[in-house]
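Me: Here is a model to go through. Let us take it in short questions and answers.

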Amino acid sequence: MPWSGEGGANTPPLKAVPRARFPSQNGNMSHDTHAATEFGRYLQARRATISPADVGLNPGPGTRKTPGLRREEVAVLSGISADYYTRLERGKETRPSPAVIDAVARALRLDEVEQDHLHGLAGPAVRHLAERVAIPSRTVSPGLLLMLETLRPLPAQVISRSYDLLAANPSGLHLFPGLASWPASERNMARYICLHPLARELIADWDHKLRTTVSGLRTLLGANPDAPDLTNLVNELLSKSSDFAKLWQRHEVLGYSDNYRVFRHPQVGVISLGCQAVRPVGGLGQYLLTYFADPGTPDHDALVLLNIAADENQANPTDARHNWAPDQLR
């Protein structure tokens, strides 16, 4: 039978996180914040990173109280009125045209990924606030479960849009030490990266991985501001991880670049793996994530050893050092 990722029932469950619509600039979740405010916050965060000299403007005499560009300077560069731009930042203008968004994006020197994110934020801003977004199903199809088993010894996982680990083969779970000690319902890769103390030791470029995780959640939440699975996860990470909270306030959006990862695994040593994500047809927001190495290489040999260790780990108690629950940060 394919392995579905159940186990670790002795770990205390996380406390429920109240549903909220959008995180505020100070890291708290607000129940009454309009999605347009996130659009404005993103504009404000981006203009704060650009100096007048960057865009060919004279900063003028004296000390500037505003970091980066002033609102009226962005308005001039965008070809719109200062009043209209101010309304955009304050969430009072909820129907900007695509041409206006493009003009503001050029003024703020956004790259293609950041510009797409800005357009995505403008979309939810005009939706009816009563609209509710359903949480995608956590059910993994029998076909995907069979694929997990067939891919062995390669580590493979089925991940939800909010980074929940819905299923994995043994090495797909064992690649991340300590993850198996969490109840299946609480296994989440963003939670692991941000909160588990072993993550910094395991992931060689942990700082970059944290940045891409924060960026990914911001992009998802920008497109789905009413989705409780996303808002609850962000709420939890904001309250428990100062590293996450600091990066969240930067409003940084990055392109996807996680196709190669280096792990410092406590059992098989340093291992460099490729990473491929595939979205199954009818997967309902799920994707199949597989780690791989070329056959005959030391990295592939390490994957074989990892798979053997994973089978042994299922039959023996987990190392006490790995039995760490996310609620211990409270």
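Me: Where is the place of Asp116?
Reply: This is a predicted model, where local features need pLDDT of at least 70, side-chain atom pairs count only at pLDDT 80 or more, and totals for chains, interfaces and linings use all residues. Residues are numbered from 1 along each chain as its sequence is written, and side-chain values use heavy atoms, with hydrogens and water left out. Helices are DSSP runs of H or I, at least four residues, numbered from the N terminus. Asp116 sits in helix 5 (residues 112-125).

Me: Is Asp116 buried or exposed?
Reply: Buried means under 20% relative accessible area, exposed over 50%, partly exposed in between (1.4 Å probe, protein chains only). Asp116 has 51% relative accessibility, so the residue counts as exposed.

Me: Which helix holds Leu238, and is Leu238 buried or exposed?
Reply: Leu238 belongs to helix 11 (residues 228-240). Its relative accessibility is 9%, so Leu238 counts as buried.

Me: What separates the C-alpha atoms of Leu238 and Gln249?
Reply: Leu238 and Gln249 are 11 residues apart along the chain. Their C-alpha atoms are separated by 10.0 Å.

Me: How many disulfides does the structure hold?
Reply: A disulfide is a pair of cysteine sulfur atoms within 2.5 Å. Cys194 is buried, at 10% relative accessible area, and Cys275 is buried too, at 5%. The number of disulfides is zero.

Me: Is Leu305 buried or exposed?
Reply: Leu305 is in helix 13 (residues 298-315). At 52% relative accessibility, Leu305 counts as exposed.

Key:
Helix = DSSP H or I, 4+ residues; strand = E, 2+ residues; numbered from the N terminus.
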